[in-house]
Amino acid sequence: MRNIRILWTDDEIDLLKPHILFLQEKGFDVQTANNGDDAIEMTKKQDFDLVFLDENMPGLNGLQVLEIIKSFKPDLPVVMITKSEEEDIMDLAIGSKIADYLIKPVNPKQILLSIKKNIDTKRLISEKTLSDYQSEFGKIGLKISEARSFDDWVDLYKKLVHWEIELEANQESGMQEVLKMQKADANIGFCKFIKNNYVQWFNNAEKPLMSPNIFKERIFPMIDKGEKVFVIVIDNLRFDQWKVIQPVINEYFTVEQEELYCSILPTATQYARNAIFAGLMPLEIDKIYPEFWLNDEEDGGKNLNEKELFESQVKRLGKNIKFFYEKVNHQKTGEKLVENINDLLHNQVVILVYNYIDMLSHARTDSEMIRELANDEAAYRSLSVSWFKHSPLFTLIKELQQHKVKIVITTDHGTVKVTNPVKVIGDRNTTTNLRYKNGKNLNYNPGEVFEIRQPEKAHLPKSNLSTSYIFAYNNDFLAYPNNFSHYANYYKNTFQHGGISMEEMIIPFIKLKPNS
């Protein structure tokens, strides 16, 4: 590894010889310049890791030299050194994106600390992250084997997502592979947990918070306390996507509550989101409001009655709530909401459904270009943040900071990257979803899927007496034997939903309050 190369520019450079000798003894390659013009020429011709720059020099002063260097090497860290403690000088220097600011006289320890902070920080953080994950590795493995409740799996999933993002930020590719295997082990354990407990939850008061109870148990109590609430449902939003979006929001809103709840099965929009708005499981929606429910094999949109289902839930619970509902599928719709923000504020609750993340996952399946842009989990997260930063939704959130409203950000289900095709045979009425199927003539290996032969026990509707449901585990996807190789290759490494995995079922419910 080559020595760190430093350029120190000062019109009194001879007086700094003891400092320079100190750094050279520490193994740094230090070159010097006694004026701004020489410093500019040297940085053009040579690669330096850091520049120390005197602010007050004859000819070009430090701020002028800084501006010129940044014009052709914007990423080169520059540390400004000055005798002046005037605030306007500091503001100008900081506004010009200096890496650090030191006041003369400086001592060797200050200089060394500044070098470590600006050059060695990434390495030190990376080593600390690596060390911390290595010490956590065994603990996570133990948690996987000991997890017995949904809360246990929530805690475990939070840890895995935390390390996924940390290792990605520090580009620890070796440890990322280890974590990926550990996450796969966790998903195997989680799928066994769901298989053993899901149906029993509906006969047990101890079941976790699930899709039908979101409004009743979390949002209506806020409205009852007189709070105005904006409920933002981002279809397909995974917990890891929320965690990388959160820093963007933190400037405007503070997280008051971060909770992970359980999506119902199938983890598909038709089932999970209708359950949220109706406050009922799909079987009950089909029985009580048949005009608002279409089974998988029936033609027509499956989520066209969310507003009506929410109205029915409000009436059923005896509440009198003024609300606004809008599904945002286009940029113009989102922009119009921002323009009409004052009208929206006349409602007790505003419900906005954003389908972008869902459209992104489908586009990634169908578009080679989007596949290239989101070629792995990290890139998929990055694309989600990029959308959010430039979306009308973010503009709306920034506007809402000025008003005394709470925001809830949640979703109906997550999505998982599928890699392993599993063969299933069905008739022409069988569901086309890759992560779950329902129908009356399904043929499959029972050891490869989670089967529910009596859908009513899981509060799922059925089209005929012999209808059953099957769900894919982990990273599996369901494919028909006909043209199997083609479909297996086409859908491999795409993001899908409908089945059982931590990514699909353990999903965020976030309550935000505006920063003052």
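**Burial, sheet order and cysteines in the predicted chain**

Thr-129 is buried, having a relative accessible area of 5%, where buried denotes under 20% relative accessible area, exposed over 50% and partly exposed in between (1.4 Å probe, protein chains only). This residue lies in helix α5, which spans residues 108-146; helices (H or I, at least four residues) and strands (E, at least two) are DSSP runs numbered from the N terminus. With neighbours within four places in sequence set aside, Thr-129 is in contact with Trp-163, Glu-166, Leu-167 and Asn-170, contact meaning heavy atoms within 4.5 Å.

The model is predicted, so that local features need pLDDT of at least 70 and side-chain atom pairs count only at pLDDT 80 or more, whereas totals for chains, interfaces and linings use all residues. Residues are numbered from 1 along each chain as its sequence is written, and side-chain values use heavy atoms, with hydrogens and water left out.

The chain contains 20 helices and 19 strands, and its C-alpha atoms fill a box of roughly 95 × 50 × 40 Å along the principal axes. Of its 516 residues, 53% are buried, and among contacts with a separation of 6 or more, 75% are accounted for by residues 24 or more positions apart.

When residues up to four places away in sequence are not counted, Phe-190 touches Phe-150, Trp-153, Ile-500, Ser-501, Met-502, Met-505 and Ile-506.

An open sheet of mixed pairing is formed by six strands in the order β7-β19-β10-β6-β9-β8, two strands being paired if DSSP finds at least two bridges between them. Strands β7 (253-262) and β8 (323-328) stand at the edges with a single partner strand each, so one side of each is left without a neighbour in the sheet. Strand β8 runs parallel to β9 (residues 349-354) and is joined to β9 by six bridges, with Phe-323 having Val-349 of β9 as its bridge partner.

The structure holds zero disulfides, a disulfide being a pair of cysteine sulfur atoms within 2.5 Å. The sulfur of Cys-191 has its closest cysteine sulfur in Cys-262, at 12 Å, which is too far for a bond.
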